[in-house]
Amino acid sequence: MVDMIRKKLKDWNGRYLSTAGKMVLIQSAAQAIPSYLMSCFSFPANTCNQINSLIRNFWWGQRKEERRIHWKAWSFMCKSKKEGCLGFRDLQCFNEAMLAKQCWRLLTNESSLLSKVLKQRTENIRALKDNNLNSPSSSGNEAGLWKWLWYLKIPNKVKVFLWKCVICILPTKGALRRRGVGTNAICARCGLAEETNEHAVRDCGWMEFMWAMSPLHIYLPPLQHRGTLGDWVAQFMKQGDSDGHDLFAMILWSAWAAINKLIFEKQSITHQQCIKLATARLHEHAQVGVMGRTPSTTRIYPQKWIPPEESTVKINSDASIRDGEGTGIGIAIRDHRGQIISTLSKMIPIEYDIAVAEAIACREGLVLAKDWGLRNVIIESDNINLVNRLQKRTEDLTYLGNIIADVIHIFPYFDMVNSSFVKRSGNILAHHLASFSFFFSWFRTKDRGYSGSLG
Ligand SMILES: [Zn+2]
């Protein structure tokens with residue numbers, strides 16, 4: 001691979017390239033060559049240094065034995081553009097970052113391709129997860145509990161919440177007071193006992209009533225026979241069907257969301273609302289799964305822009321590529337009345353492959369929505385493959401796969417994320433914003449009130 005890069009750089013060296021041209025070549029080509037392998041294997045430091053040095057010499061215009069002045073240390077050149085530098089990659093750091101990313105994904109996402117492959121061959125992931133997540137008193141029974149938990153058909157953020165419940169690390173008022181945050185540890189609902197993990201989601205009178213009236217009809221035994229939350233969840237896991245288990249997790253989650261609403265927003269939520277929230281979210285989650293399985297040919301796609309439902313926003317994204325200039329990204333976020341919440345028009349001086357560019361645009365759109373604190377979003381693109389991959393949540397080790405994985409990993413920041421495909425005629429505003437970026441390289445708005453007629 002070192003030879004491949006050496007050859008490539010040698011080919012380019014003969015040409016008279018501007019510094020901007022060199023920068024683009026280094027970022028888009030030379031440093032991208034090793035990215036696939038670097039996401040799978042740890043490279044020897046020596047190889048990284050060799051490649052770094054080849055790129056460094058190319059940048060400073062050095063050929064063979066002749067020596068040129070290197071004006072800045074390479075570590076400086078590799079700092080991000082935000083820090084005023086060129087944002088070249090230090091390959092060893094990049095290698096470590098890519099491997100760390102894979103490792104993180106193995107731990108957090110068992111449905112990824114890599115995770116599945118490894119799981120079939122070895123039981124490594126289980127061991128990895130158990131070592132990291134189990135409490136010290138880990139037993140065979142608990143291993144079963146983790147397995148059960150990570151396979152529930154519920155949103156990932158609810159899985160993480162349930163996991164926190166089971167190992168008793170919810171930030172309850174009691175736990176916060178023990179850490180010196182706040183002085184009042186009394187339950188905000190009943191005012192009768194300390195808000196512990198058990199009290200917050202099970203033992204409070206308000207919760208006892210909720211469990212009894214829920215579709216699961218759980219009648220709790222006397223307090224002294226209930227055990228820890230972990231025991232209780234483990235016990236529940238052994239009875240009933242998987243649909244009941246999913247709902248159980250969702251109710252726990254919505255009850256916790258309701259407590260936080262009461263404490264932080266002084267809004268009280270009724271038992272019915274709480275259960276309705278849990279069932280609605282579960283239904284939405286199931287719908288997303290079904291959408292992903294529907295063959296795309298049987299669906300009729302809209303020709304024009306259609307506003308989202310109330311309290312949901314739609315993020316339209318598009319990308320356009322110009323030879324010798326780079327990639328333009330266009331984002332438009334609009335509400336149910338078609339009014340613009342925010343737009344973004346941004347030029348990146350790298351000519352990406354169109355599929356990668358569209359995925360990057362989608363990622364930018366989600367980050368923008370997250371920055372504005374939007375909760376329910378639909379991401380819309382005119383790239384059918386991208387939309388399909390987001391719906392099926394397929395990740396792989398290619399550069400595109402990595403960007404898509406980035407997009408998927410922003411999902412948990414929202415209460416609801418759906419992705420939809422629209423024909424180009426329905427994505428005109430985002431398309432124009434992407435082209436616009438070549439004139440104004442970075443432009444972002446937050447205007448409320450403008451209602452345009454563009455699709
Ligand atoms: Zn209470």
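Visitor: What spacing do the donors of the zinc ion follow along the chain?
Guide: They follow C-x2-C-x8-H-x4-C; donors here are N, O and S atoms within 2.8 Å of the metal (3.2 Å for Na, K and Ca), and water is not among the atoms, so sites may look incomplete. This is a predicted model, where local features need pLDDT of at least 70 and side-chain atom pairs count only at pLDDT 80 or more, while totals for chains, interfaces and linings use all residues. Residues are numbered from 1 along each chain as its sequence is written, and side-chain values use heavy atoms, with hydrogens and water left out.

Visitor: Which protein atoms are the donors of the zinc ion?
Guide: C187 (SG), C190 (SG), H199 (NE2) and C204 (SG), at 2.1 to 2.3 Å from the zinc ion.

Visitor: And is C187 buried or exposed?
Guide: C187 is buried, at 5% relative accessibility, whereas C190 is partly exposed at 27%. Buried means under 20% relative accessible area, exposed over 50%, and partly exposed in between (1.4 Å probe, protein chains only).

Visitor: Switching topic: which residues form the aromatic cluster?
Guide: W211, W232, F236 and F248. Within it, W211 and F248 make a tilted pair, 5.2 Å centre to centre with 35° between the planes. Rings of Phe, Tyr and Trp (its six-membered ring) pair if their centres lie within 6.5 Å; planes under 30 degrees apart are stacked, over 60 edge-to-face, and the rest tilted.

Visitor: How buried are those two, W211 and F248?
Guide: W211 has a relative accessible area of 0%, and F248 is also buried at 0%.
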